[in-house]
Amino acid sequence: MRVLITGGTGLIGRHAARALAARGHAVRVLSRRAAPHVPLLRDAPVAYHQGDVRLPDSLPAAFEGCDAVVLSHQFQNFPVENPRRAETFDAVDRLGTLHCVRATQAAGVRRLVYVSGIALNNPNPPHPGIRAKLAAERAVLESGIPSVALRVNVVYASDDKYFSRLARAARWSPLLPILGRGQARCAPVHVDDVARAIALAVERPEVTGLVNVCGPDEVTWRAFMLAVAQAAAPRRRWIVLPIPQPLLMLAGAIGERLPTPLFSRDAVTFITQFDQSCRTGRGCEEAFGFRPQPLAVGLRAAFQRQSPGSAST
């Protein structure tokens with residue numbers, strides 16, 4: 001199949017592109033740059049098409065001739081919005097997805113896969129991300145094209161932007177900062193399992209509606225942070241430093257006023273208060289016949305350094 005991936009240079013998108021190419025599909029990646037630097041895809045047979053989901057006139061050439069489209073776009077510095085650069089949930093998640101749905105319809109694409117978020121399953125504080133992604137899901141599922149929305153949980157990988165930094169820091173520092181109380185729950189999932197779910201979603205048009213993509217282990221954010229640190233440095237003991245919510249909100253209020261926002265109050269809410277548990281709905285095992293790997297196994301694969309002479313063969 002000829003498959004286009006929006007957001008194909010991001011974490012989920014690039015791993016999905018590699019997985020689909022490995023399964024024999026002809027993969028196109030939509031990128032704002034004509035020739036992006038993506039080390040993971042350096043040797044993969046992937047074609048790049050320049051375009052921006054916020055600019056509908058830039059999309060038709062990339063969508064033309066495709067059998068399936070995977071929508072995994074996300075704005076830079078997610079979840080910290082930058083309204084000055086139109087890097088917001090509304091501009092990218094809602095409007096950008098609507099532009100892509102229209103381009104998909106015009107191109108006669110036969111399969112549409114949207115990468116959504118598990119937080120939409122649960123009662124959560126009002127947040128622009130929830131509103132935007134719910135609107136995006138509706139646009140996809142009501143498009144008239146056989147469609148599926150994958151509600152993905154917290155994703156970790158050796159090349160992610162957040163947990164890989166925590167793992168590197170854990171190797172030299174015994175201090176482990178936790179944002180807020182760390183009691184919100186999640187079911188973290190390895191990026192390889194997300195990529196597998198996307199590939200199977202592309203190949204199985206009979207699977208429609210909503211599918212949860214979650215790891216089998218539900219934990220608190222505090223427990224997850226500790227598990228990442230322990231995978232990176234198994235022999236170290238940790239001093240956990242909770243950062244109080246009021247202090248985080250103050251930092252968010254200051255950060256969102258910078259010319260290039262570094263932090264925001266909405267980001268604090270997103271990180272510390274969202275329930276990302278995975279107790280209801282259809283999961284990967286029911287929809288696609290596979291069970292994502294346990295958290296301990298995935299964290300070791302992602303963050304545990306191999307000792308000299310222990311390289312796998």
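Does Asp 52 count as buried or exposed, and what is its relative accessibility? In this predicted model, Asp 52 has a relative accessibility of 11%. Buried means under 20% relative accessible area, so Asp 52 counts as buried. To find Asp 52, look in the loop between strand S3 (46-50) and helix H2 (60-63). Leaving aside residues up to four places away in sequence, Asp 52 touches Arg 32, Ser 58 and Leu 59.

Helix H7 covers residues 221-232 and helix H11 covers residues 295-303. Their axes lie 8 Å apart, and the two helices pack at an angle of about 50°. H7 and H11 are therefore oblique to each other. The crossing of H7 past H11 is right-handed.

Which residues bring these two helices together? From H7 come Phe 224, Ala 227, Val 228, Ala 231 and Ala 232, and they meet Leu 295, Leu 299, Arg 300 and Phe 303 of H11. Of the residues in this contact between H7 and H11, eight are nonpolar, one is charged and none is polar.

Stay with H11 for a moment and look at its buried residues, which are Leu 295, Gly 298, Leu 299, Ala 302 and Phe 303. If you look down the axis of H11, these buried residues fall within an arc of 100°, so they line one face of the helix. And what covers them? H7 is part of the cover, and so are strand S7 (155-156), helix H5 (163-170), strand S10 (189-190) and strand S12 (219-220).

Terms used:
Residues are numbered from 1 along each chain as its sequence is written. This is a predicted model: local features need pLDDT of at least 70, side-chain atom pairs count only at pLDDT 80 or more; totals for chains, interfaces and linings use all residues. Side-chain values use heavy atoms; hydrogens and water are left out. Axes are lines fitted to C-alpha atoms, for helices over the stretch in contact, and angles run from 0 to 180 degrees between N-to-C directions. Helices (H or I, at least four residues) and strands (E, at least two) are DSSP runs, numbered from the N terminus. Angles under 35 degrees count as roughly parallel, over 145 as roughly antiparallel, 65 to 115 as roughly perpendicular and the rest as oblique. A crossing is left-handed if the near helix is turned anticlockwise from the far one by less than a right angle, and right-handed if clockwise. Contact means heavy atoms within 4.5 Å. Ala, Val, Leu, Ile, Met, Phe, Trp, Tyr, Cys and Pro count as nonpolar, Asp, Glu, Lys and Arg as charged, and the others, Gly among them, as polar. Buried means under 20% relative accessible area, exposed over 50%, partly exposed in between (1.4 Å probe, protein chains only). The arc is that of the directions from the helix axis to the C-beta atoms.
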